[in-house]
Amino acid sequence: MDNVKWICAVGIVLIIATAVFGVCIDDEPDIFQCRRLKPGVTESDNECCNIIKTHDYKYEHFFPISKRDNGNIELTFRVKGDRDANLLFSSNVFPQDGDPAHEIIFSAATSWLRIAKNNETGRVDASSEEARVSPNEWREFWVKINGKTVQVGRKEKEASLVSSNSIDVPIKYYSVAGHSNANVLWSLPCIEEKDFS
């Protein structure tokens, strides 16, 4: 009887999770592709996203990014975590420490931007607490890059992190990572990862 109750409880949790977060297909352990079901639309009109779990300071999945008609790069995403959530814009995949890049670190305590991977060169700190992540809720952010100017802000709010002293990196890819022993969840636009193996 206890087993039946346990199975029912698990089933109810799965049904609720599916209703709230969408129907997900587990492509591999750290990437899930989700279709958010909207009422009153056909399946082809449903939003699609990549849910990525990051655990350490390792950029493992790279996604191509293109410029808009105005020449800007724009990315909107959601993140949830208790420690550093790292977002990297680079001209090549698997850049080395110190390589030119735009690296944005969203932390629970403070957030900052630097102009080289894993290097404090050109570090600019956020002007408010708006750029912090939370372990208890998804927070939606936007990033806009136009030449040497990088802006970061929360959804529907002004930029809380701005750097106009960055270097002009010919950006082709972006990637996400976490911090040592920190679990971070990312909800990114539904773009296929390129196979660079």
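Predicted model: local features only at pLDDT ≥ 70, side-chain atom pairs only at ≥ 80, totals over all residues.
Ground rules first: residues count from 1 along each chain as its sequence is written. Local features need pLDDT of at least 70, side-chain atom pairs count only at pLDDT 80 or more, totals for chains, interfaces and linings use all residues, and side-chain values use heavy atoms, with hydrogens and water left out.

**Entry 1, around β10.** I took strands as DSSP runs of E, at least two residues, numbered from the N terminus; two of them pair if DSSP finds at least two bridges between them. β5 (residues 73–81) and β10 (residues 139–146) run antiparallel, joined by seven bridges. I picked out Leu75, whose partner in β10 is Val143. β10 also pairs with β11 (residues 149–154), antiparallel again, over six bridges, and there Ile145 sits opposite Val150. Two residues separate β10 and β11 in a hairpin, and Gly147 in the turn has a positive phi of about 65°.

**Entry 2, the open sheet.** I read the strand order of this six-strand, antiparallel sheet as β4-β13-β6-β7-β8-β9. β4 (62–64) and β9 (124–125) are at the edges with a single partner strand each, so one side of each has no neighbour in the sheet. Inside the order, β6 (residues 85–90) meets β13 (residues 173–177) through five bridges.

Is Tyr174 buried or exposed? It is buried (under 20% relative accessible area; exposed is over 50%, partly exposed in between; 1.4 Å probe, protein chains only), at 0%. Tyr174 lies in β13, opposite Phe89. Leaving out residues up to four places away in sequence, I listed its contacts (heavy atoms within 4.5 Å); among them are Phe62, Leu75, Phe89 and Leu188. I also checked His102: 72 residues from Tyr174 along the chain, with 9.4 Å between the C-alpha atoms.

Note on methods: Helix = DSSP H or I, 4+ residues; strand = E, 2+ residues; numbered from the N terminus.
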